[in-house]
Amino acid sequence: EPSLDNIRLKAKFGIGAAVTNSELNGQYANTLRTHFSQITGEYEMKMAHIWKGENNYDWTAADGMVNFAATNNMDVHGHTLVWYNSFPNWFRNANYDSATFETKIKTYIETVVGRYKGKVISWDVANEIFNDDGTLRRDGCPVFRTFNDPIAFYGRCFEYAQAADPDAKLFYNDYNVVLAAGKRGAMRQMVNRFRADGYPIDGLGDQFHYMASTNRTTIRNGLTDLASTGLQIHMSELDIRINVNKDDNFVYLPSEQAKHAEAYKDFVTFFEAIPQSQKFAITTWGVSDKRTWLTSWWHPKEYPLLFDENFQKKKTYEGFLEGLQ
Ligand code: G3I
């Protein structure tokens, strides 16, 4: 039956991909509408792209994604409202006091979440606020660094998002979560603080930028621990590196492809092991190997996704499918 050879039809949770608005046509669009049920903007729903100035918003790309999803019966996951890395320079370099800073962030959240109310089902309200050891990152503009109770600030950001769209699911998103016990502990503490102080949160995302060689026991145990919070779990930016040694002479041989498929099967199997009610989605960070951030961040000879540069299914797609229950 068709459902047995198509991840979108077989999965009992969201199957997402990170997309770029300008590519939403041709084979790219056909691959998305056939195999995926939701999309995340790889860049164009971030503050740096949308917030050109105090009262100057560029909605073109985000509207394009939302319209594409609506036309193709797909959901949109909003990424991301508050991420120090994506503050536009005009905002980052302004020397607001903390009250003014927060007022402007509040306006940004209300404006963006309000515009897509009912059209974006979930948001990464905050992204990457902790270091792997669980301490708070001190990146970003000076004011951002000086909040005396940063977790309460983030809690209020979740409140601002909830007020703007009460039906949207609100996530905290980070990387290395299942690998770094310190970071995971800090996330758990934040969730407990939110619950104690009445701040809303629905889910947690681990980006899952891992390697075919990443320790399976660590991943499985970390994911089980993360799910024990009881929140929705999003494998939010899945790509699996196969050229683990950044080898300039790497060749994506059938033996490598088999290893790669096994890794996808294992990771999907671990996700399937968490309670069904907590499975939000698995989102791959890109559609095909033709465009992946890893080309520059890791190595040009990297083939991390489910489709090749001609949008043909890879062995990794089959591995993903085998991992689905
Ligand atoms: O679109 C502009 C273009 O108009 C401009 O000429 C060009 C040169 O400045 O920049 C283009 O924007 C780039 C954008 O990707 C679109 O390609 C930005 O410079 C570049 O910084 C941006 O990189 C993105 C990065 O996040 C930073 O936002 C990557 O595509 C994206 O894959 C990466 O994704 C992150 C997640 O959001 C969070 N987790 C880690 C993940 C990988 O870094």
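Biologist: Which helix gives the largest share of the lining of the largest cavity?

Modeller: Helix 8 does, with three residues. Helix 7 (142–145) and helix 8 each supply at least two. A helix here is a DSSP run of H or I of at least four residues, numbered from the N terminus. Keep in mind that this is a predicted model, where local features need pLDDT of at least 70, side-chain atom pairs need 80 or more, and totals for chains, interfaces and linings use all residues. Residues are numbered from 1 along each chain as its sequence is written, and side-chain values use heavy atoms, with hydrogens and water left out.

Biologist: What makes that space a cavity, and the other one a pocket?

Modeller: On a 1 Å grid over the protein atoms alone, a 1.4 Å probe fits in a cavity but cannot get out, while a pocket is an open set with protein on both sides within 12 Å along at least five of seven lines. Of its 15 lining residues, Ile129, Leu136, Arg137, Phe144 and Tyr154 are closest to the centre. Lining residues have an atom within 4 Å of a point. The largest pocket has about 430 Å³ and 18 lining residues, with Glu128, Gln207, His209, Glu237 and Trp293 nearest its centre.

Biologist: Why are helix 10 and helix 11 called roughly parallel?

Modeller: Their axes cross at roughly 25 degrees and come within 9 Å. Angles under 35 degrees count as roughly parallel, so helix 10 and helix 11 get that label. Arg216, Ile219, Arg220 and Leu223 of helix 10 meet residues of helix 11 including Asp266 and Phe270, where contact means heavy atoms within 4.5 Å.

Biologist: What makes the passing of helix 6 and helix 8 right-handed?

Modeller: Helix 6 passes helix 8 in a right-handed crossing, which means that the near helix is turned clockwise from the far one by less than a right angle. The two axes come within 8 Å at roughly 30 degrees. Among the contacting residues are Phe101, Ile105 and Gly114 of helix 6 and Phe153 and Tyr160 of helix 8.

Note on methods. Axes fitted to C-alpha atoms, helices over the stretch in contact; angles between N-to-C directions. Points joined across faces, edges and corners; volume = space filled by probe spheres on them. Parallel < 35°, antiparallel > 145°, perpendicular 65-115°, else oblique.
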